Amino acid sequence: MINFNDLKEIIPLIIIAASALISLLIAVYSKKSGMPVYVFSLLAVLAALIFTGLNVTKDVIIISEMLRINPYSNAFCMIALLSVFITFMASKDYLEKLGINFGEYYSILLFALFGMMTMIYANDMLTVFIGLETMSICFYVLTGLLRKRMKSNESAMKYFLLGAFMTGFLLYGMSLIYGATGYTNITKILATYTAIRTPMFLIGLALFMIGFFFKIGIFPFQMWIPDVYEGAPTVVSGMMSTAGKVAAVGTLIPVLITLNLVEYKMLFSILATLTMLYGNIVALSQSNLKRLLAYSSIASAGYIMVGITSMSDLSIKGIAFYLLAYVFMQLGAFIVVSVFENSTPDGKDFRNVTFDEYKGLAKRSPVLAIALTVFLLSLAGIPPFAGFWGKYYIFYAAIKSDLIWLSVIAILLSVISVYYYLKVIVYMWFKEPEGETSGEAVPVKALSYAAIMVSLAGTLLFGLYPDLFFTFFKFLIK
Amino acid sequence: MNIETIIFLVFGITAVVSAVLMVTRKNPIISAIFLILNFFTVAVIYLLLKAQFIAIIQVLVYMGAIMVLFLFVIMLLNLKENKKPSEYSFKKITAILISILLALLLGTSVYFGFQGKQMNEVAEKIGTAESLGRTLFTTYSFHVLAAGMLLLAAIVGAVMLAKKKFE
């Protein structure tokens, strides 16, 4: 039953849902200019962000125990909202250049955001499922948005088929868990869990986790990531790799940490190791920055898995911080790539923008080069940037829970990752520009510029003052 | 013999016969039509079990939507009639044996599992459209709304991908 008091707890969710519907109408009535719907959706996300921020310490279970608003879910929701906000800022210029700046784009993205928030707030498996599906269906559509490019169609098709298949796993897992416990309510399942560690429950849980590991990109289920991120419009890839991951991690982690599956620590550590190995080693041989970022997103899924393995409150804190840093650096890097792709002379046709074309970027437009350098260094985990602290907190939590060998492997692999990030930086700063566009500055529109600056500011701010995050989310330090 | 048993016998036998006929026919369209008959009889059996909602969904979704799709696809594919004489190959014989075994297994387990048992009162009420509707619009009202959003997003996405003009 939804009663009136419950509604005021989920104001952010209502704002996003309502604005998804209203933006559809705005898109219909202002076909000529993309401006009204753009401004409206930006404001809507900002409003939701502010409302979540104001009520961040709430801890209630509402709507017949279907939703659970607590500080953890609020933190993950805010990170997802932030990611979508930055994506919105950068979207307009990029999409206009490609001729796909439809008003519906914004409302589909808002629908996806509604799905993510539903999923993160979920306290019932049915809610998880509906949220996840809303998010996934919107992602399939957004991936295939560049309908004239074969790559985009191919990646949308792949993503859709694999995603539908994996949804089957998830749903089957949910039904087995329901069969074993008699509940769909997550709190009740977690409460009875110790009494009913039956094989049926464990198989159900494994299938349930497989569904989520697919979305996060953990090792045996990571195959789709490079192809999908390469084919999708670049800003969308950035959003999927950040917000999508935040939503899946934010749903799964509270469940896993409460379950405290200590006897499966070894399995989780192996998965984490394989994921990091795969992402970092394969990334070494990439020559396309978009694909490189996709592989690095697999590697960061591995770092998150290290956090999941350590299963303590400390690791939730680390993962939350890492994801926040990740939104700024990964999304920032994707936005720089999108700006750069737009500047290529035949930007309308698909072409692989390889490292070669980034040669001499520092001479052509120093600001872009500085921004990209900061994002890549932060992804590699070099100290003064936010990414370093993210990795620091995760590895610290792992060491605290006696996973020293796993943290050693993780640190070694992050050292390897420095090689491929530095390769791009060397191309930008130490090589002469070549080709027909050499010497010209890369044109950057004001709004994309603003998005890059916000990401840059975030990377630097949380790198220099990591405490800001923990002062805001006081609950994370207990 | 009361009226329920008579209805059950009539529709149960029709269900089995139509299922067998569906598998054995050569022409796919005739097979599809027997499948429709089978769906209908199964829907009636659901009704006898007091599962009104599933019965209605069976008629609306399976008989209405999915079978129309089936028939359309068969007609669009324009299949040539298979002239090959039927032969009792190894494949066919194993298939028949396995299905008979499965039928026996399911039949015996259901027969001995539920022999002489009456449906309990709770189970009787669960399947009605009324109780389902009540649950959906009270406990699960949030999900109805969220599923509405999901469907709308899917429709908007499909229309955007299919209909937008690309210069």
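Analyst: Angles under 35 degrees count as roughly parallel, over 145 as roughly antiparallel, 65 to 115 as roughly perpendicular and the rest as oblique. The model is predicted, so local features need pLDDT of at least 70 and side-chain atom pairs pLDDT 80 or more, while totals for chains, interfaces and linings use all residues. Residues are numbered from 1 along each chain as its sequence is written, chains are lettered from A in the order written, and side-chain values use heavy atoms without hydrogens or water.

User: Why are α16(A) and α17(A) called roughly parallel to each other?

Analyst: The axes of α16 (residues 366-380) and α17 (residues 386-400) of chain A cross at roughly 10 degrees and come within 6 Å. The two helices are therefore roughly parallel.

User: Which residues make the contact of α16(A) with α17(A)?

Analyst: With contact meaning heavy atoms within 4.5 Å, α16(A) supplies A:S378, A:L379 and A:A380, and α17(A) supplies A:A386, A:G387, A:F388 and A:K391.

User: What makes chain B more spread out than a compact globule?

Analyst: The globule rule is 2.2 Å times the number of residues to the power 0.38, and the radius of gyration is taken over C-alpha atoms. For 167 residues the rule gives 15 Å; chain B has 22 Å, well over that, so it is more spread out than a compact globule. Its C-alpha atoms fill a box of roughly 55 × 55 × 25 Å along the principal axes.

User: How many helices and strands does chain B have?

Analyst: Chain B has seven helices and zero strands, where helices are DSSP runs of H or I with at least four residues and strands are E runs of at least two.

Key
Axes fitted to C-alpha atoms, helices over the stretch in contact; angles between N-to-C directions.
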